[in-house]
Amino acid sequence: MLTEDEKELGVALVELGASTTDVAVFHEGKIRHLQTVPYGGAHVTSDLVHGIGVSQHDAEQLKEVYGVALERMVDRNEVIELPASGPHGDRQVPRELLAHIIHQRLDEIFDLVRKGIETAGLSSSLSAGLVLTGGGAELPGTVQLAGDVFGVPVRAGAPGRGLDGLMESVTTPRSSTVVGLGLYGASRLALGQAAAGAVARGPKLQLPAGPGMDKWAQKVKTWLQDF
């Protein structure tokens, strides 16, 4: 997600996940602050369920198709058709209402992130700004809303560096966590193989062994193959 320059200058990586929003602040090349806010995309969907009276499935679909994170981006005259469900027949609601609900929840999430960074004393250390990732970062207007809240440059981040092959399906913000875990697992596996090679070439040392280690290694191998 990040460049070495960003980590050196100071940057906050904010991952808008389904259940939580996770934050890592880098400065001078190192992680200086970690934070988890217990709200994410699922809470936005839940707000839509209660706000416009639709099912969880329909709310998720409406968010994906018509969702906008910044209320002012929506034409006030635009309306959207709601799926008929239960006692409700065909209905229409202003798209602005959908945007208002999403805007309010994301604004709250960003405000909690901002307060956490302020409490850690790192507000002045974000010279490279904010990088948003995760599924929530794909909603139109999310980058602009974060810029309004934090007052620093903001960009959307997607995995790309260090990848090869069929990359198109995973170079999106929503794929950032799984790609990061895959790269981390691969690097750990490579380090383990390098260590094993060094042991084979050098003096014989007794490495940790046993059913537990074998089972762990097999899980990592299977997981990476599936990935």
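**Sheet and salt bridges**

Mentor: Strands S1 (residues 11–16) and S2 (residues 21–27) pair antiparallel, over six bridges. Strands here are DSSP E runs of at least two residues, helices are H or I runs of at least four, and both are numbered from the N terminus. Two strands pair if DSSP finds at least two bridges between them.
Trainee: Before we go on, what kind of model is this?
Mentor: It is a predicted model: local features need pLDDT of at least 70, side-chain atom pairs count only at pLDDT 80 or more, and totals for chains, interfaces and linings use all residues. Residues are numbered from 1 along each chain as its sequence is written, and side-chain values use heavy atoms, with hydrogens and water left out.
Trainee: Back to the strands. Which residue in S2 is the bridge partner of glutamate 15?
Mentor: Aspartate 22.
Trainee: And what is the strand order in the sheet?
Mentor: S3-S2-S1-S6-S7, an open sheet of five strands with mixed pairing. Strand S3 (30–37) and strand S7 (154–156) are the edges, each pairing on one side only. On average, neighbouring strands are turned by 20° against each other, direction ignored.
Trainee: Which strands does H4 lie across?
Mentor: S1, S2, S3 and strand S6 (130–133). H4 runs at about 140° to S3. Axes are lines fitted to C-alpha atoms, for helices over the stretch in contact (heavy atoms within 4.5 Å). Angles run from 0 to 180 degrees between N-to-C directions.
Trainee: New topic. How many salt bridges are there?
Mentor: A search of the whole structure gives 14. Each is a side-chain nitrogen of Lys or Arg within 4 Å of a carboxyl oxygen of Asp or Glu.
Trainee: What does aspartate 148 form a salt bridge with?
Mentor: Arginine 72, with the closest N and O atoms 3.2 Å apart. This pair links distant parts of the chain, 76 residues apart. Aspartate 148 sits in helix H5 (residues 142–150), arginine 72 in the loop between helix H3 (56–66) and strand S4 (79–82).
Trainee: Is arginine 72 buried or exposed?
Mentor: Exposed, at 61% relative accessibility. Aspartate 148 is partly exposed at 46%. Buried is under 20% relative accessible area, exposed over 50%, partly exposed in between (1.4 Å probe, protein chains only).
Trainee: How far apart in helix H4 are aspartate 111 and lysine 115?
Mentor: Four residues, so about one helical turn separates them. Salt bridges that share partners join Asp111, Arg114, Lys115 and Glu118 into one network.
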